[in-house]
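Here is a friendly briefing for a student who is new to reading protein models. Please keep the sequence and the structure in view as you read.

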Amino acid sequence: QHHRFKQSTYTQQTQAVVSTQSTGNSFNSIVSTCTRIQMTFNIVVLISGNGSNLQAILDAIDNGTIRDGSVVGVVSNRKDAYGLIRAQTKGIQTLYFPLKPFLDSGRSREEYDIELAQKIVSSFQPSIIVLAGWMHILSANFLNLLVNASTGKSIPIINLHPALPNTFPGTHAIERAYEAFKKNEIKFTGCMVHLVIPEIDAGKTVVVEEVPILEHDTLEDLEQRMHETEHKAIVNAVNVIINELKEIQ
């Protein structure tokens with residue numbers, strides 16, 4: 001997979017342990033030399049809004065929860081997405097890539113997807129692509145172009161969705177779950193991170209987390225609980241994918 005090597009990749013760390021006994025002239029030294037390769041996978045995050053899940057990933061990298069990944073690019077289809085500011089504050093390269101100019105010039109959504117995929121691959125050489133609040137359905141044209149040039153394998157693309165598998169696909173999932181709870185149709189909800197396929201919110205699940213709904217919850221209560229759970233789920237999912245990539249290196 002595409003990856004970057006940290007500056008400390010090829011370094012030799014030599015440790016000398018010297019012990020001198022007070023009774024005599026015995027002198028023992030142990031010298032061990034080890035070379036350690038540290039591989040960092042390139043993460044590209046696609047957003048359309050506030051970017052709180054992007055921030056969860058950045059925080060996890062800073063605190064060591066995600067050890068072998070680095071966010072190298074953030075892409076948004078909305079110019080005023082606050083997630084772009086989050087990225088720029090960290091010195092991360094950003095790309096604003098709106099759909100409207102394509103449609104206004106008579107080009108199609110499929111052409112947009114093709115050019116977006118080409119820009120992401122050429123600009124960032126991603127190992128993993130994370131859709132974190134990305135409000136645009138990506139077509140097979142996009143997915144088919146996300147291929148690692150050196151291995152010929154598809155670049156994993158994961159999406160965060162605020163519902164359990166096979167429930168409430170598409171938009172307004174939290175609101176729909178809340179209404180279903182009020183009608184006694186469900187007892188709880190949840191969120192998942194899944195691999196992206198052309199069918200909406202239908203790819204293989206990577207991480208699933210349940211989210212309780214309490215009797216006196218307002219919609220805002222449920223949204224807050226959902227977002228807190230999402231932040232954990234997206235970080236766990238990135239680690240799952242990184243570990244899978246490490247195993248096939």
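The notes below go from the whole chain to single residues.

This is a predicted model, in which local features need pLDDT of at least 70 and side-chain atom pairs count only at pLDDT 80 or more, while totals for chains, interfaces and linings use all residues. Residues are numbered from 1 along each chain as its sequence is written, and side-chain values use heavy atoms, with hydrogens and water left out.

**The whole chain**

- The protein chain has 7 helices and 10 strands; helices (H or I, at least four residues) and strands (E, at least two) are DSSP runs, numbered from the N terminus.
- Of its 249 residues, 43% count as buried, where buried means under 20% relative accessible area, exposed means over 50%, and partly exposed is in between (1.4 Å probe, protein chains only).
- Take the contacts (heavy atoms within 4.5 Å) between residues at least 6 apart in sequence: 66% of them join residues at least 24 apart.

**How confident is the prediction?**

- The mean pLDDT of the protein chain is 86, and 85% of its residues reach 70 or more; pLDDT is the predictor's confidence in each residue, from 0 to 100.
- Over residues 3-36, pLDDT stays under 50, and the model has 53 contacts beyond four places in sequence for this stretch.
- Where pLDDT is low, the predicted coordinates should not be read in detail.

**Nonpolar cores**

- A nonpolar core is a set of buried Ala, Val, Leu, Ile, Met, Phe, Trp, Tyr and Cys residues joined through side-chain atoms within 4.5 Å.
- The largest one has 46 residues, and Val45, Val71 and Val130 have the most contacts inside it.
- Helix 7 (residues 219-247) gives the largest share of this core, 10 residues.
- Leaving out residues up to four places away in sequence, Val45 touches Leu54, Ile57, Val71, Gly73, Val74, Val75, Val130 and Ala132.
- There is also a second, separate core of 23 residues, which includes Val44, Val72, Leu138 and Leu146.
- As background, nonpolar side chains in soluble globular proteins tend to be buried together.

**A cluster of aromatic rings**

- Rings of Phe, Tyr and Trp (its six-membered ring) pair if their centres lie within 6.5 Å; planes under 30 degrees apart count as stacked, over 60 as edge-to-face and the rest as tilted.
- By this rule, the count is 3 aromatic pairs.
- The ring centres of Phe97 and Phe102 are 5.6 Å apart and their planes are at 55°, so this pair is tilted.
- Phe97 is buried at 6% relative accessible area, and Phe102 is buried at 5%.
- Phe97 also forms a tilted pair with Tyr112, with 5.1 Å from centre to centre and 40° between the planes.
- This second pair links distant parts of the chain, 15 residues apart: Phe97 is in the loop between strand 6 (93-96) and helix 3 (100-104), and Tyr112 is in helix 4 (residues 109-124).
- Together, Phe97, Phe102 and Tyr112 form one aromatic cluster.
- The charged end of Arg107 sits over the ring of Phe102, 4.0 Å from its centre; for this, NZ of Lys or CZ of Arg must be within 6 Å of the ring centre and within 35 degrees of the ring normal.

- Which residues of helix 6 are buried? They are Ala173, Ile174, Ala177, Tyr178, Ala180 and Phe181.
- These residues cover an arc of only 160° around the axis, which puts them on the same side of helix 6; the arc is that of the directions from the helix axis to the C-beta atoms.
- An α-helix has 3.6 residues a turn, so residues three or four places apart point the same way.
- The buried residues of helix 6 pack against strand 8 (157-161), strand 9 and helix 7.
- In the loop between helix 6 (173-182) and strand 9 (188-195) lies Asn184, which has a positive phi of about 60° although it is not a glycine.
- Asn184 is exposed, with a relative accessible area of 62%.

**A buried histidine**

- His161 lies in strand 8 and is buried, with a relative accessible area of 4%.
- The C-alpha atoms of His161 and Asp201 are separated by 7.1 Å, although these residues are 40 apart along the chain.
- Beyond four places in sequence, His161 touches several residues, including Phe168, Ala173, Cys191, His194 and Asp201.
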